[in-house]
Amino acid sequence: MTDQSLRLGSPVAGTRGRIIDLLRRSPATATEIASTLQLTYNAVRSHLGALHRDGLVQMGGMQRGGTRPAVLYELAPGVNEALSRAYVPFLTHVLRELGARQSPSELDEFMRRVGRRLAGQWTRPRGSLRERVEAASALLKTLGGPNEVETGDGTLTIRGFGCLLHAAVGEQPAVCRAMESLLQELLEAPVTECCERGERPRCCFAIAG
């Protein structure tokens, strides 16, 4: 994904947000952005540099100018999706409908199949179980789930500081089965979810050695 701090539906505020909104329409040069937003060229270049470092904007080619070609800036892949605020309410209603139409066991198995499909997006980590778990922990972090790996009683546990899918889990706790299944596929080891689902939900997955 792009900037690890960017979440689904989270806005980019201020001048950088205005630049993002402009680039959602079409790629533009720094000069064009400065003219449209009535900013100085140097100010726009500074903001574009920050957005580029955050992985939100990329250079998309060159545009012929009067004296020399100018760089065209465009949104990085995935940014439009990350900025959308429709995903969470849409997913909430999908889960509500699934829960109404399927028995608990059917929904549980459905979520496990979703997890196995999701696992296919990433290469299985290699090495010892500890190395594979550390790699899985790093993957969850890139997906927006800060966590740490704990060791105890012959079990490795990935314990999150929050919940990756808190809005979905609040609607349907079986969603945790999808993440359990995803990790089991990637690690090729037994995984048991031990998530907390109170006021402050937290991911938790125990991996047997």
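User: In which strand is the place of Gly-60?

Analyst: This is a predicted model, where local features need pLDDT of at least 70 and side-chain atom pairs count only at pLDDT 80 or more, while totals for chains, interfaces and linings use all residues. Residues are numbered from 1 along each chain as its sequence is written, and side-chain values use heavy atoms, leaving out hydrogens and water. Helices (H or I, at least four residues) and strands (E, at least two) are DSSP runs, numbered from the N terminus. The place of Gly-60 is in strand S2.

User: What is the relative accessible area of Gly-60?

Analyst: Let's start with the scale: buried means under 20% relative accessible area, exposed means over 50%, and partly exposed is in between (1.4 Å probe, protein chains only). Gly-60 is partly exposed, because its relative accessible area is 40%.

User: Which residues does Gly-60 touch, not counting residues up to four places away in sequence?

Analyst: A contact means heavy atoms within 4.5 Å. Leu-72 is twelve residues from Gly-60 along the chain, yet their C-alpha atoms are separated by 5.4 Å. Leaving aside residues up to four places away in sequence, Gly-60 touches Leu-72 and Glu-74.

User: What is the order of the strands in the open sheet of three strands?

Analyst: Two strands pair if DSSP finds at least two bridges between them. S2 and strand S3 (residues 70-75) run antiparallel and are joined by five bridges. The edge strands, each pairing on one side only, are strand S1 (28-29) and strand S2 (57-63). With antiparallel pairing, the order is S1-S3-S2.

User: How far apart are the end C-alpha atoms of helix H6?

Analyst: The expected span of a helix is 1.5 Å times one less than its number of residues. Helix H6 (residues 104-119) has 16 residues, so it should span 22 Å. That agrees with the model, where the end C-alpha atoms are 23 Å apart.

User: Which strands stand at the edges, each with a single partner strand?

Analyst: Four strands form an open sheet with antiparallel pairing, in the order S4-S5-S7-S6. Each edge strand has a single partner, so one of its sides is left without a neighbour in the sheet. The strands at the edges are strand S4 (147-152) and strand S6 (191-193).
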